[in-house]
Amino acid sequence: MRDAMGDLDAIAGRHVLVTGAGSGIGASVARRLGRAGARVTLAGRREAPLRAVAADLPDGAAHVVAGFDVTDPQAIADGLAGARAAFGPVSILVNNAGAAETAPFGRTSLAQWQSVIAVDLTSVFLVTQAVLPDLEAGGAGGRIVNIASTAGLVGYRYVSAYCAAKHGVIGLTRSLALELARTGITVNAICPGYTDTPLVREAIAAIIAKTGRTEAEVLAEMTAGNPQRRLVDPDEMAETVAWVVSPGAASINGQAIAVAGGEVMVG
Ligand code: NAD
């Protein structure tokens, strides 16, 4: 198959592991790569949403791993064993699972801080280290894609823990890209701006409940920083991931690519 974004033939049949694949960006990425012929392990905590996404993939293209809490090394090891038994060694890893918590810095508790760092940063360390032997055995063409955030590139108010975690993901991405460069495996971060997913819809609902503002007002405020004045579509994130994992992107390494309509222009 030729693809507008590059030659995706080479990902047909390859084993892609997507974390947090039951919703939002992870679900779009899983559907996109499944349609391109990859065999996709959909990893996440809850089975029902993962099964619903799996039903959108071609027959035999999806393996569901529920109970895959990205903060739990044992759950990762167990899930990975099942994924390998189903589809063989992983050759493309998409670290997508994450969560955002909002609080002024002075009112961020240590428990909140530790939880955000665990879900958004330590998770990437744990899953990547567990999958790395597969990637190294597979050699050139292996891909690690970390879904970071524009909050990994610049600061935002009231999300200090999340910003710290996502900046950390980008640091990890850059270091590992250098460590693996000679193997032909690439490591990149994709940095979404506000994207239309359950994570953002829940944030909008919380702001409406707290402030009594209308949805249109909250959306306008949220998209004010994006020069295109809109939320990013999760399918746009999936297209970017599809490009980064394609063979034509072999020289894209250690990058933090903003997908945010021009909101952030540093890297
Ligand atoms: P989402 O809430 O739809 O998806 C996040 C997924 O991660 C969910 O399926 C959730 O269940 C899963 N998850 C959370 N904690 C987990 C854990 N401990 N173990 C396993 N899975 C867990 O939101 P999304 O917007 O699709 O988020 C995907 C990624 O994109 C996240 O890393 C998020 O930080 C990042 N991101 C999103 C936006 C945005 O505006 N939506 C912007 C920048 C970055």
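I began with residues 14–193, where the chain is 47% helix and 17% strand and the end C-alpha atoms are 29 Å apart. Helices (H or I, at least four residues) and strands (E, at least two) are DSSP runs, numbered from the N terminus. UniProt lists residues 14–193 for "domain: Ketoreductase" in an unreviewed entry; its positions are given in the numbering used here, feature names are shortened, and annotations may be inferred rather than shown by experiment.

I noted that this is a predicted model, in which local features need pLDDT of at least 70 and side-chain atom pairs count only at pLDDT 80 or more, while totals for chains, interfaces and linings use all residues. Residues are numbered from 1 along each chain as its sequence is written, and side-chain values use heavy atoms, with hydrogens and water left out.

I then looked up the whole protein chain, which has eight helices and nine strands. Its radius of gyration (taken over C-alpha atoms) is 18 Å, close to the 18 Å that the globule rule gives for 267 residues, so the chain is as compact as a globular protein of that length. The globule rule is 2.2 Å times the number of residues to the power 0.38.

Next I turned to the ligand. I found 25 residues around it, and the closest are Ser23, Asn96, Tyr162, Thr195 and Thr197; a residue counts as near if one of its heavy atoms lies within 4 Å.

I checked polar contacts, pairs of N or O atoms within 3.5 Å. A polar side-chain atom of tyrosine 162 lies 2.6 Å from an oxygen atom of the ligand, and one of threonine 197 lies 2.6 Å from an oxygen atom of the ligand. A polar backbone atom of valine 70 is 3.0 Å from a ligand nitrogen atom.

Finally, I recorded that helix 6 (198–211) supplies at least two residues of the shell; its share, three residues, is the largest.

Definitions and conventions
Polar contact = N/O pair within 3.5 Å; in protein donor to acceptor, adjacent residues only side chain to side chain.
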